[in-house]
Amino acid sequence: MIDDDRDDQEIFKIALQDVNDEVHFLAADDGVEGLQLLQSGEHGTPSFIFLDLNMPRMTGKDCLAAIRSQPHLNGIPVVIYSTSSDPKDIQDTKALGATDYVVKQYSITSLKEILRRFFN
């Protein structure tokens with residue numbers, strides 16, 4: 001997960017562990033850190049990248065474009081996970097190569113329902 005909000009990271013991690021406790025969760029605080037983590041290969045290749053849009057240093061859209069420009073990262077499904085439900089953000093990120101778009105949930109129950117689509 002690449003998201004600058006530590007609370008969102010923690011809620012996501014808790015929901016994910018409830019859905020599938022075998023999934024290894026790793027978080028980066030912004031796009032720059034996320035790209036460094038992905039490029040290092042230190043933690044292997046992720047099955048999914050959940051990416052916030054509104055972050056400091058590098059926006060989610062710029063991070064997505066950078067991920068898609070690198071052959072060794074290009075095949076990883078990237079799911080935008082944002083508070084924005086703006087159709088333009090959805091359209092722009094799909095055009096940049098996002099696999100899916102999920103609006104952040106304010107209920108851990110609804111977040112778990114969404115995560116089950118990816119991890120069950």
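The model is predicted, so local features need pLDDT of at least 70 and side-chain atom pairs count only at pLDDT 80 or more, while totals for chains, interfaces and linings use all residues. Residues are numbered from 1 along each chain as its sequence is written, and side-chain values use heavy atoms, with hydrogens and water left out.

**The sheet**

Begin by selecting the strands; here helices (H or I, at least four residues) and strands (E, at least two) are DSSP runs numbered from the N terminus. Three strands make an open sheet in the order E1-E2-E3, with parallel pairing, where two strands pair if DSSP finds at least two bridges between them. Strands E1 (49–51) and E3 (100–103) stand at the edges with a single partner strand each, so one side of each has no neighbour in the sheet. On average, neighbouring strands of this sheet are turned by 25 degrees against each other, direction ignored; axes are lines fitted to C-alpha atoms, for helices over the stretch in contact, and angles run from 0 to 180 degrees between N-to-C directions.

Select next residues 78–82, which are strand E2, joined to E3 by four bridges in a parallel arrangement. Tyrosine 81 has valine 102 in E3 as its bridge partner.

**Helices on the sheet**

Helix H5 (residues 108–119) lies across E1, E2 and E3, and runs at about 165 degrees to E3.

**The cores**

A nonpolar core is a set of buried Ala, Val, Leu, Ile, Met, Phe, Trp, Tyr and Cys residues joined through side-chain atoms within 4.5 Å, and buried means under 20% relative accessible area, exposed over 50%, and partly exposed in between (1.4 Å probe, protein chains only). In the largest one, which has 19 residues, select Ile2, Ile49, Leu51, Cys63, Ile67, Val78 and Ile80, the members that touch the most others. Helix H2 (31–40), E1, helix H3 (60–68) and E2 are the elements giving two or more residues to this core, and H3 gives the most, with four.

Centre the view on leucine 51: leaving aside residues up to four places away in sequence, its contacts include Ile2, Cys63, Leu64, Val78 and Ile80. A second, separate core has 15 residues, among them Phe12, Ala15, Leu16 and Ile114.

**The aromatic rings**

Rings of Phe, Tyr and Trp (its six-membered ring) pair if their centres lie within 6.5 Å, with planes under 30 degrees apart counted as stacked, over 60 as edge-to-face and the rest as tilted. The count comes to eight aromatic pairs. In one of them, phenylalanine 12 and tyrosine 81 have ring centres 5.2 Å apart and planes at 70 degrees, so the pair is edge-to-face. Phenylalanine 12 lies in helix H1 (residues 6–19) and tyrosine 81 in strand E2, so this pair ties together parts 69 residues apart in sequence. Both phenylalanine 12 and tyrosine 81 are buried.

Move on to phenylalanine 48 and phenylalanine 119, an edge-to-face pair with 5.1 Å from centre to centre and 65 degrees between the planes. Phenylalanine 48 is partly exposed, at 24% relative accessible area, whereas phenylalanine 119 is buried, at 12%.

**A last stop**

Finish at arginine 57, in the loop between E1 and H3, where phi is near 70 degrees, a positive value in a residue other than glycine. Arginine 57 is exposed, with a relative accessible area of 61%.

Technical notes. Contact = heavy atoms within 4.5 Å.
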